[in-house]
Amino acid sequence: MTESGKPILYSYFRSSCSWRVRIALALKGIDYETVPINLIKDGGQQFSKDFQALNPMKQVPALKIDGITIHQSLAIIEYLEETRPTPRLLPQDPKKRASVRMISDLIAGGIQPLQNLSVLKQVEEELQLTWAQNAIISGFNALEQILQSTAGTYCVGDEVTMADLCLVPQVANAERFKVDCTPYPTISSINKRLLVLEAFQVTHPCRQPDTPTELRA
Amino acid sequence: PILYSYFRSSCSWRVRIALALKGIDYETVPINLIKDGGQQLAIIEYLEETRPTPRLLPQDPKKRASVRMISDLIAGGIQPLQNLSVLKQVEEELQLTWAQNAIISGFNALEQILQSTAGTYCVGDEVTMADLCLVPQVANAERFKVDCTPYPTISSINKRLLVLEAFQVTHPCRQPDTPTELRA
C-alpha cells in the first residue's frame, strides 16, 4: 500500500486483464494508485527483477492491497468481492454464480491466454493475426451460445457481474484483431450496453495514466 | 450427477478429485473430445458452495486469494497453452517444445509462489482447489517429459497428494474409459 494506504494496481493501459480489475475497483468505489507496466518498452517492463518479485508470472495485473499482493485477475476480483461485498459482482444464487464463473473462466482461461502477447510472440509473425483471431472466434462461438441461456440485460441476468468485466475487454481485443463480430449479436449488444456505464468508461484503455497521446480519448 | 470426462484430461481429473473429496457419487459419461478446460474451476466453486464440507477453500479471504491465484495460474496460465486443440495448431515437430515451454514458464512462477504459500500442501496444511489443479498438471509435465528437478516444492507436494485416496481413486489410470494398456 502507499503511504496514504491506497491499494496499488500494476497495470498496462491496453491489457484486457488489467482492465477487468480496473472496472471492479471502479464499481466498488475503491480508490487506488496505478503503477504502469509497459509490456513492450525496454523489452517489456514486466520482465524487470522488481516486477518479477511481485508477480513471478511476469504478467499484469497485480494488486497490492491489505498488506498482500494478488495476481490473476479473477482471483483479485473474487478477493475484492469477499472483502468489499457491495455492490455485488457475483449473484447470491449458487447456480447463477456458477454461470458467472463459467463465462469468466471461458474468457479469462479459454480465450485471452491464447491471444496474449507472450504467446503470440512464439508464433511466426505472418501467422500471428490468424492465430489470435482463431482463439477469439472459437471462444466467441461458444460464448454466444452460452449467453442464449444466461443473458438478460447483461451476461447473467440483469445485474453487472464479473462475467461482464471479462466480456468488454475481450470484445475490445476482438476489435483490435479485426474479428468480425456480426455472428455474435448477443455479445455485441451486451458489450454496447456495458460501455455506456461509468465504470467501463472511466477505466477504458483510452483514458489511463499510461495511454499514449495518439490513443487518448 | 453426471460427469462428462476424458480419462487423461487434467481438467476432468480436477473435478473428479473434488467429487471424490466431497463424497459425491456420480456417473461418468466418457467423452473422446478434449474440451477446453477453462471452465472446470467454476464447477469446483459450485460444488464448494453447495456441498461445503469438507472445505476446498480456506475461510480466510487472503488464503482464498492464494488458492485461486495458484488455481488460475495452472488452469488459465499453463494448461490452455498445452492442451490438444492448441497443440494441433503448432507444427508437429515443434509441439513437444511448445508444450514444455508452457509448463516450464508456469512451473518457474509456481515454484516461487509456493515458497510463501505452501505448508504440507499448496496453501497451508489442508487440501485445497490449488492442489486439485497441481497434481493433474504435474502428470501433464511428466507426459511431456518436463524435468521437474528445478521444482522441489511442486514435486514434494505432488508426492504427498498422490497418496491420498481421492487422488488415487480418480487417477487417469483407473477410469471407466482408460485404455487397457494404460490401466493401473
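First, the ground rules. This is a predicted model, where local features need pLDDT of at least 70, side-chain atom pairs count only at pLDDT 80 or more, and totals for chains, interfaces and linings use all residues. Residues are numbered from 1 along each chain as its sequence is written, chains are lettered from A and ligands numbered from 1 in the order in which they are written, and side-chain values use heavy atoms, with hydrogens and water left out.

Let's start where the two chains meet. Helices here are DSSP runs (H or I, at least four residues), as are strands (E, at least two), and both are numbered from the N terminus. Two packed helices are described by the angle between their axes and the distance between the axes. The axes are lines fitted to C-alpha atoms, for helices over the stretch in contact, and the angles run from 0 to 180 degrees between N-to-C directions. Helix 4 of chain A (residues 94-111) packs against helix 2 of chain B (residues 40-50) at about 160°, the axes being 8 Å apart. That makes the pair roughly antiparallel; angles under 35 degrees count as roughly parallel, over 145 as roughly antiparallel, 65 to 115 as roughly perpendicular and the rest as oblique. On the chain A side, the contact (heavy atoms within 4.5 Å) is made by P94(A), K95(A), R97(A), A98(A), R101(A), M102(A) and D105(A), and on the chain B side by L41(B), A42(B), E45(B), Y46(B), E49(B) and T50(B). By class, these residues divide into six nonpolar, one polar and six charged. For that count, Ala, Val, Leu, Ile, Met, Phe, Trp, Tyr, Cys and Pro are nonpolar, Asp, Glu, Lys and Arg are charged, and the others, Gly among them, are polar.

R64(B) also touches the other chain. This arginine sits in helix 3 of chain B (residues 61-78), and its side chain makes a polar contact with the side chain of E82(A) at 2.8 Å. A polar contact is a pair of N or O atoms within 3.5 Å; within protein, one must be able to donate a hydrogen and the other to accept it, and residues adjacent in sequence count only if both atoms are side-chain atoms. Leaving aside neighbours within four places in sequence, R64(B) is in contact with E82(A), R55(B), L57(B), P58(B) and Q59(B). Is R64(B) buried or exposed? With 14% relative accessibility, R64(B) counts as buried; buried means under 20% relative accessible area, exposed over 50%, and partly exposed in between (1.4 Å probe, protein chains only).

Staying with helix 3 of chain B, look at its packing on helix 6 of chain B (residues 129-143), where the angle is about 30° and the axes are 8 Å apart. The two are therefore roughly parallel. Here V67(B), R68(B), I70(B), S71(B), I74(B) and I78(B) in helix 3 meet M129(B), A130(B), C133(B), L134(B) and Q137(B) in helix 6. That contact has eight nonpolar, two polar and one charged residues. T128(B) lies in the loop between helix 5 (95-117) and helix 6 of chain B. T128(B) is buried at 2% relative accessible area, and beyond neighbours within four places in sequence, T128(B) contacts L56(B), P58(B), V67(B) and V123(B).

Over in chain A, helix 6 (residues 128-150) and helix 7 (residues 162-176) pack at about 135° with axes 11 Å apart, so they count as oblique. I136(A), F140(A) and L143(A) from helix 6 meet L167(A), Q170(A), V171(A), N173(A) and A174(A) from helix 7. This contact has six nonpolar, two polar and no charged residues.

Now for the backbone. Most residues other than glycine have a negative phi, and most peptide bonds are trans. The bond from T86(A) to P87(A) is cis, with omega near -5°, and a cis bond also joins T53(B) and P54(B), with omega about -10°. P54(B) sits in the loop between helix 2 and helix 3 of chain B. D42(A), not a glycine, has a positive phi of about 55° and is exposed at 65% relative accessibility. Q72(A), not a glycine either, has a positive phi of about 75°, but is buried at 15%.
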